Amino acid sequence: MDRIKKENKKTEQLKPFVRENKGKKMTTNEGVMISNDENSLTAGDRGPTLLEDFIMKDKMAHFDRERIPERVVHARGYGAHGVFRVYESLEDLTMAHFLQDPNIETPVFVRFSEVAGSKGANETNRDVRGFATKFYTEEGNFDLVGNNIPIFFIQDGIKFPDLIHALKPEPHNEIPQGQTAHDTFWDFIGSNEESAAMMMWIMSDRTLPRSFRMMEGFGVHTFRLVNKEGTSRFVKFHWKPALGVHSLIWDEAQKLGGADPDYHRRDLWGNIEDGFFAEFELGLQVIEEKDEFMFDFDILDATKLWPEEIVPVRKVGKMTLNRNVDNVFAETEQVAVHPGNIVRGIDFTNDPLLQSRIFSYTDTQIYRVGTNFQQIPINSPVCPFHNNQRDGAARYIIDKDRVAYHKNNLADNTPYTVPGTKGGFVTYPSTVEGLKVRETAPSFKDHFSQARLFWNSMTNVERNHIFSAFCFELGKVKSVSVRQRVVNLIGYISTDLAVLVAKDLGVEVPKVEESQIKASSPALSMANTKFYTDSLKTGILIAEQFDSHVVGNLLDQLTAAKLKPVIVSERLGVVNGTDGKELTVDDSFLTGSPLLYDNLFVASGRGASEYFNQKAKSFIIEQYNHFKPLGASRSGMYLMQEVGIINKPGVTINQDQFQPFINNARKQRFWDRS
Ligand code: HDE
């Protein structure tokens with residue numbers, strides 16, 4: 001991982017707004033020093049509180065207004081600062097200033113999120129993840145507001161409120177929280193064939209990411225890149241994680257909801273604090289204007305992806321998230337991203353989903369954050385910004401001009417507009433024609449080919465997980481007709497899958513014809529991702545009288561492989577080795593959990609108690625059942641023997657040389673165990 005400086009132009013800009021209260025006198029918001037912050041002003045020490053108690057009122061009235069409306073979707077999220085740099089100039093493709101020169105470092109802020117749940121929802125629910133990036137460029141803010149899945153449920157934004165009403169907890173009882181496993185969601189899916197491909201994606205492990213740092217990001221829509229010559233090309237934006245794409249498994253994700261509902265924010269925050277920065281490469285898929293109609297899908301349809309084998313992804317730059325926020329509310333909660341925030345050199349297409357988003361996001365920010373949301377420090381650009389907009393609630397900027405209109409003579413017609421030739425934004429002059437209609441284009445009507453393409457691209461393990469996910473999700477649906485309609489939809493994608501799911505749910509096997517598409521796209525399978533050990537957690541079970549030599553070696557070798565050792569023992573405090581060496585315990589069997597470690601090593605120790613052995617065995621079994629790598633030294637081996645997993649895939653016994661265990665840790669899962 002790069003160790004680079006954490007300050008950038010944006011973080012510098014935020015500094016005057018950062019306040020430290022430690023060691024300071026307490027005052028009201030008006031600056032009056034407070035002599036007593038524990039007692040209200042009352043008439044007698046047992047009497048009523050007086051209306052004149054401005055100190056209590058100042059405190060209470062502010063408290064009463066501490067919450068702002070949570071985001072209607074993506075309410076739970078977590079953000080970090082970072083920087084982006086392009087590898088080489090992209091001037092052939094775009095005028096966008098931040099993509100011109102590898103010497104330009106652009107500050108970024110990223111907010112990752114879960115879509116369905118409320119602000120306090122459990123973070124490991126099965127859900128699409130938001131991946132929203134604000135680039136603070138020298139020519140204004142460019143926001144890439146994407147998800148970790150390359151396509152979407154619907155084709156036209158007018159259906160978004162319906163989708164979300166179906167997805168959110170059911171209104172009569174507000175159940176379930178942050179979950180899709182309920183009748184109204186699946187009723188929507190079963191009634192809207194355009195969701196078929198997205199349905200396959202959300203039933204895959206993509207909706208259970210191991211970490212925000214280990215998931216892809218997609219702009220989803222087709223945008224345009226426009227260069228100096230005025231040539232426009234269609235583009236899709238991708239983020240490719242440096243650590244590869246990895247997921248939890250369902251049983252693990254469900255249990256983690258209890259073991260650590262903050263699993264993803266803890267992972268991102270902790271790793272950035274530890275110097276394991278989150279890195280993503282920006283990728284572009286580019287289609288020439290003249291090739292717009294060359295594909296068997298419509299490039300304006302957001303329920304379709306462009307297979308990477310047909311339109312390759314060119315990696316053009318790298319983003320490094322290297323600094324946590326100082327205050328989650330001020331930064332992550334108040335950040336207002338918007339797919340309509342584009343800069344010169346980037347433009348929209350007629351994608352009907354994108355077009356509605358361009359309205360929705362400004363509208364929602366004005367409601368959620370306020371009229372002047374763009375002036376809040378986290379949202380303001382790092383370049384100068386001037387116009388004639390004035391006033392509104394909570395205006396911070398003090399515009400001292402007498403003139404606030406255009407055109408004018410009194411201020412020499414300033415602030416002045418900038419022609420396109422000098423850097424002003426000019427919309428790409430695409431041709432528009434046709435009757436005003438409310439219709440779906442015929443080229444948007446194939447809903448099953450890409451759902452089938454996805455299914456064709458999955459390994460057997462991935463297919464099994466999709467099958468189980470359908471059985472769980474639809475199993476929670478009480479309406480038999482809703483179950484049946486979704487199984488019918490599956491029938492168009494894969495008869496084999498539909499037969500299996502129908503059997504599990506006790507519904508009819510659909511009598512429909514499955515898609516005949518034979519193509520697959522290897523890029524869609526997570527089995528083809530990259531594998532690293534960096535920042536993965538190794539739980540090490542250590543008992544009293546552990547072998548200091550073995551454990552010392554183990555710790556050195558794990559750290560050299562950039563694994564993060566976590567010492568787990570009977571109780572917190574220290575645990576003692578054979579030569580008097582002491583190790584500080586990170587997790588006890590109560591505060592830790594096998595769910596929290598990517599792999600487990602059992603070092604045990606001569607002084608292992610019966611309690612230690614019992615607990616250690618339960619940790620081992622859970623890790624094994626989750627297909628995770630396990631290792632033991634000779635003194636820990638007996639525990640592996642007792643649970644019967646010696647010689648099983650991904651299980652190693654090592655005394656001095658821990659490379660085999662580390663190699664397994666890199667592989668992450670051993671699916672051939674089942
Ligand atoms: Fe959003 N979406 N969305 N969305 N979306 C919001 O904006 C909306 C869509 C996405 O971390 C809201 O500030 C409409 C696609 C992310 O702050 C809201 C439509 C994609 C985030 C909204 C879509 C996204 C949002 C809620 C259909 C992936 C979190 C609060 C036309 C490309 C951003 C807010 C953050 C948030 C509307 C569809 C991603 C209501 C109308 C497709 C990552 O404005």
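Five residues of helix 4 (residues 183-191) are buried: Phe185, Trp186, Phe188, Ile189 and Gly190. A buried residue has 20 or more other C-beta atoms within 10 Å of its own, an exposed one has 12 or fewer, and a partly exposed one falls in between, with C-beta atoms placed from the backbone. Helices (H or I, at least four residues) and strands (E, at least two) are DSSP runs, numbered from the N terminus. The model is a predicted one, in which local features need pLDDT of at least 70, side-chain atom pairs count only at pLDDT 80 or more, and totals for chains, interfaces and linings use all residues. Residues are numbered from 1 along each chain as its sequence is written.

The cover over the buried residues of helix 4 includes helix 3 (160-167), helix 5 (196-203), helix 11 (460-475) and helix 12 (480-493). Helix 4 packs against helix 12 at an angle of about 40°, and their axes lie 8 Å apart. Axes here are lines fitted to C-alpha atoms, for helices over the stretch in contact, and angles run from 0 to 180 degrees between N-to-C directions. Helix 4 is therefore oblique to helix 12. Angles under 35 degrees count as roughly parallel, over 145 as roughly antiparallel, 65 to 115 as roughly perpendicular, and the rest as oblique. On the helix 4 side, the contact is made by Asp183, Trp186, Asp187, Ile189, Gly190 and Ser191. Helix 12 contributes Val482, Arg485, Val486 and Leu489. Two residues are in contact if their C-beta atoms, placed from the backbone, lie within 7 Å.

Helix 5 is mostly covered, with 8 of its 8 residues buried. These are Ala196, Ala197, Met198, Met199, Met200, Trp201, Ile202 and Met203. Their cover includes helix 4, helix 10 (449-456), helix 11 and helix 12.

In soluble globular proteins, nonpolar side chains tend to be buried together. A nonpolar core is a set of buried Ala, Val, Leu, Ile, Met, Phe, Trp, Tyr and Cys residues joined through C-beta atoms within 7 Å. The largest such core has 56 residues. Ala80, Val108, Val110, Ala278, Leu321 and Ile346 have the most contacts inside it. Strand 1 (residues 76-86) supplies the largest share of this core, 5 residues. A second, separate core has 55 residues, among them Ala116, Ile202, Ala302 and Ala498. Leaving aside residues up to four places away in sequence, Ala278 touches Ala80, Phe212, Arg213, Leu268, Asn271, Ile272 and Leu321.

The unreviewed UniProt entry places the feature "domain: Catalase core" at residues 27-414. UniProt positions are given in the numbering used here, feature names are shortened, and annotations may be inferred rather than shown by experiment. The end C-alpha atoms of residues 27-414 lie 42 Å apart. The span is 20% helix and 20% strand.

Most residues other than glycine have a negative phi, and most peptide bonds are trans. A cis peptide bond joins Ile175 and Pro176, with omega about 0°. Pro176 sits in the loop between helix 3 and helix 4. The bond from His406 to Lys407 is also cis, with omega near 0°. Lys407 lies in the loop between helix 9 (352-368) and helix 10. Asp391 is found in the loop between helix 9 and helix 10. Its phi is positive, near 65°. Asp391 counts as exposed because it has 9 C-beta neighbours inside 10 Å.
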